[in-house]
Amino acid sequence: MNRVCEILGTEYPIIQGAMARIADGDLAAAVSAGGGLGIIAAGGADGDWLRGQIKTVREKTDKPFGVNIMLLAPNVEELIDVVCEEKVPIVTTGAGNPGKYIPKLNEAGIKVIPVVASVALAKRVERAGAHAVVAEGTEAGGHIGEATTMALTPQVADAVDIPVITAGGVADGRGVAAAFMLGGEGVQVGTRFLVAHECNVAQAYKDMIIKAKDSSTVATGRSTGHPVRVIKNKLAKKILDLEKENADQAMIDELCTGTLGRAVVDGDVDMGSVMSGQIAGLVTKEQSAKEIIEELFKEAEEIYENRSGICRSGRAV
Ligand code: TUI
């Protein structure tokens, strides 16, 4: 039994990424029923919506699931109260330091798994009582840090005793195997679940992920200190141009307002914000969440079984 499976109560050590405005109760239930940990993304939502999605998951599956709380949200306290009242098994957090909320969540019987982009934050949340950390590299979609998955995972794994779950650039069995080689004991996968049959994002968004290639994403917002990885489109180019010209921040904010919903709900993939990881180029087909999970771990296990060692001087040793 793997430590991450023990903490999550899942068959496989995999967490579904919290895709803001996208990851609802339908997707979370499908991932949890498929053997992973489904996550409802509460960022941008209110308490009533969250309660409704938690109910949806519980109606569809009796498997464990989680809620992600995006710490830049203005109503964090309200969302924390909802997850405590509903006794959600797992909470993941993003875009900030959840330290001050961890004791309250733990007292309510909730395990907390912060998403971190640095060793410093990983150490801080471990001290505050986190059960595990997701180390998310800059290859990930949405709000990102600077370090790559390759550099971040082993450094976080050496710095903390709690298990590390690798995120950013994981979309197939090779990514899962690599995560374990780097000291990860589990993975968080976002982009591949965007095209799950059970994912309620606009079809145009899914099509954009499927046709993406290695160079299709770009990080906007580096000039503001809040970089966000998105698929390169008209909106992203406009934002980058404004940033290059050192345009007024208020102008950039105005351009960005409402753009996530525009892509996710309206399917406007030209002037909407199509958040995606760099690994989108590897995502080529729509599948059920269960098929995705089973394929990831079947491929990873095959890699481990077929390994004959590390190559030196052209021969396996
Ligand atoms: O949070 C995410 N990914 C997200 S949140 C999101 S919603 C959003 N929409 C528009 C603009 C901004 C956000 C979309 N994607 N991933 C986890 C993550 N956390 N990545 C990076 C961080 C992070 C960065 C800095 C965590 C903490 C931090 O500093 C806090 C500290 O005190 O050190």
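Take Glu295: it sits at 25% relative accessibility, so it counts as partly exposed. Keep those cut-offs in your head, and also keep in mind that what we're looking at is a predicted model.

So let's stay with Glu295. Its side chain meets the side chain of Lys285 in a salt bridge, 3.8 Å from N to O. This pair links distant parts of the chain: Lys285 is in the loop between α13 and α14, Glu295 is in helix α14 itself, and they are ten residues apart. How exposed is Lys285? It has a relative accessible area of 41%, so partly exposed again.

Now slide along helix α14 to another pair. Glu302 and Lys298 also form a salt bridge, at 3.3 Å from N to O. Why do I like this one? Because the two are four residues apart in α14, they are separated by about one helical turn. Glu302 is partly exposed, at 36%, while Lys298, at 54%, counts as exposed.

Next, Asp172 and Arg174. Their side chains meet at 2.7 Å, N to O, in a salt bridge. Arg174 comes out at 54%, so it's exposed.

How many salt bridges does a search of the whole structure find? The search gives 13. Some of the residues involved join up, too: Arg51, Arg58, Glu85 and Glu86 are linked in a network.

Lys206, in helix α10, is buried and has no salt bridge. The nearest side chain of opposite charge belongs to Glu286, and that is 4.3 Å away. What does the side chain of Lys206 have beside it, then? One of its polar atoms lies 2.9 Å from the backbone oxygen of Cys199.

Thr149 has 7% relative accessibility, so it counts as buried. Its side chain reaches the backbone oxygen of Ala167 at 3.1 Å.

Last stop, the ligand. Which of the 17 residues around it come nearest? Those are Ala95, Gly96, Val115, Glu136 and His143. Let's go through some of the contacts. A polar backbone atom of Ala95 is 3.0 Å from a ligand nitrogen. With Glu136, the side chain is what takes part: one of its polar atoms is 3.1 Å from a nitrogen of the ligand. With His143 we're back to the backbone, where an N or O atom lies 2.9 Å from a ligand nitrogen.

How much of the ligand does the protein cover? On its own the ligand has 720 Å² of accessible area, and the protein covers 72% of that. The elements giving two or more residues to the shell are helix α6, residues 119–128, and strand β7, residues 142–143. And if you sort the shell by type, you get nine nonpolar residues, six polar and two charged.

That's my tour, thanks!

Conventions
Residues are numbered from 1 along each chain as its sequence is written. This is a predicted model: local features need pLDDT of at least 70, side-chain atom pairs count only at pLDDT 80 or more; totals for chains, interfaces and linings use all residues. Side-chain values use heavy atoms; hydrogens and water are left out. A residue is near a molecule or strand if one of its heavy atoms lies within 4 Å of it. A polar contact is a pair of N or O atoms within 3.5 Å; within protein, one must be able to donate a hydrogen and the other to accept it, and residues adjacent in sequence count only if both atoms are side-chain atoms. Accessible areas come from the Shrake-Rupley method with a 1.4 Å probe; for residues, only the protein chains shown count as cover. Ala, Val, Leu, Ile, Met, Phe, Trp, Tyr, Cys and Pro count as nonpolar, Asp, Glu, Lys and Arg as charged, and the others, Gly among them, as polar. Buried means under 20% relative accessible area, exposed over 50%, partly exposed in between (1.4 Å probe, protein chains only). Lys and Arg count as positive and Asp and Glu as negative; His and the chain ends are not counted. A salt bridge is a side-chain nitrogen of Lys or Arg within 4 Å of a carboxyl oxygen of Asp or Glu.
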